[in-house]
Amino acid sequence: MALGKINSPEEVAVDNQGRVYGGTQDGKIMVLTPDDKLTAFAETHGRPLGMQFDKNQNLIVADAYKGLLSINPQGKITVLATSVNGMPFKFTDALDISSDGIVYFTEASFKYENNDRIGKYKIPSFIVEDH
């Protein structure tokens, strides 16, 4: 899929129309349609890693450099969180969304202190917690 057309994809998510979304090393989120058309969906200006759609079809993204993001179906980016308990995120990299809307995400890197944190983000109450 899209071999040689995208720059270092990390994670993929599939929307309710069968389109495949993937983040790239240069900050883009690309979308591949069922008819094999590849286009840019959004650009985070970071490094989008983990991603999954929420129940409202917003793409929730763990961006290594920008934090936890929400991207609506039109491609508008909203920053959900960049820190927890006063400590800025240093490398958010994976996430999953529970059936009750809680976003669980990880922050991990061998390059930074205080690595390997797991966080919880409740949509829409904007509570971010360390776990």
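How many helices and how many strands are there in the protein? There are zero helices and 14 strands, helices being DSSP runs of H or I with at least four residues and strands DSSP runs of E with at least two, numbered from the N terminus. This is a predicted model, in which local features need pLDDT of at least 70 and side-chain atom pairs count only at pLDDT 80 or more, while totals for chains, interfaces and linings use all residues. Residues are numbered from 1 along each chain as its sequence is written, and side-chain values use heavy atoms, with hydrogens and water left out.

View 1. Of the 131 residues in the protein, 42% are buried, where buried means under 20% relative accessible area, exposed over 50% and partly exposed in between (1.4 Å probe, protein chains only). The protein exposes about 7400 Å², with carbon and sulfur atoms supplying 51% of that area; the areas come from the Shrake-Rupley method with a 1.4 Å probe. Take the contacts between residues at least 6 apart in sequence, and 31% of them join residues at least 24 apart; a contact here is heavy atoms within 4.5 Å.

**View 2. An open sheet of four strands.** Here the strand order is β1-β2-β3-β4, with antiparallel pairing; two strands pair if DSSP finds at least two bridges between them.

**View 3. Where β3 meets β4.** Strand β3 (residues 28-32) runs antiparallel to β4, and five bridges join them. Look for Lys28, which stands opposite Glu43 in β4.

**View 4. Two nonpolar cores.** A nonpolar core is a set of buried Ala, Val, Leu, Ile, Met, Phe, Trp, Tyr and Cys residues joined through side-chain atoms within 4.5 Å. The largest one has twelve residues, among them Ala13, Tyr21, Phe41, Met51 and Leu69. At least two residues of this core come from each of β3, β4, β5 (48-53), β6 (59-63) and β7. A second, separate core has eleven residues, including Ile60, Ala81, Leu95 and Phe105.

**View 5. Ser70 and its surroundings.** Ser70 sits in strand β7 (residues 67-71) and is buried, with a relative accessible area of 11%. Beyond its neighbours within four places in sequence, Ser70 is in contact with Asn58, Leu59, Ile60, Lys76, Ile77, Thr78 and Leu80.
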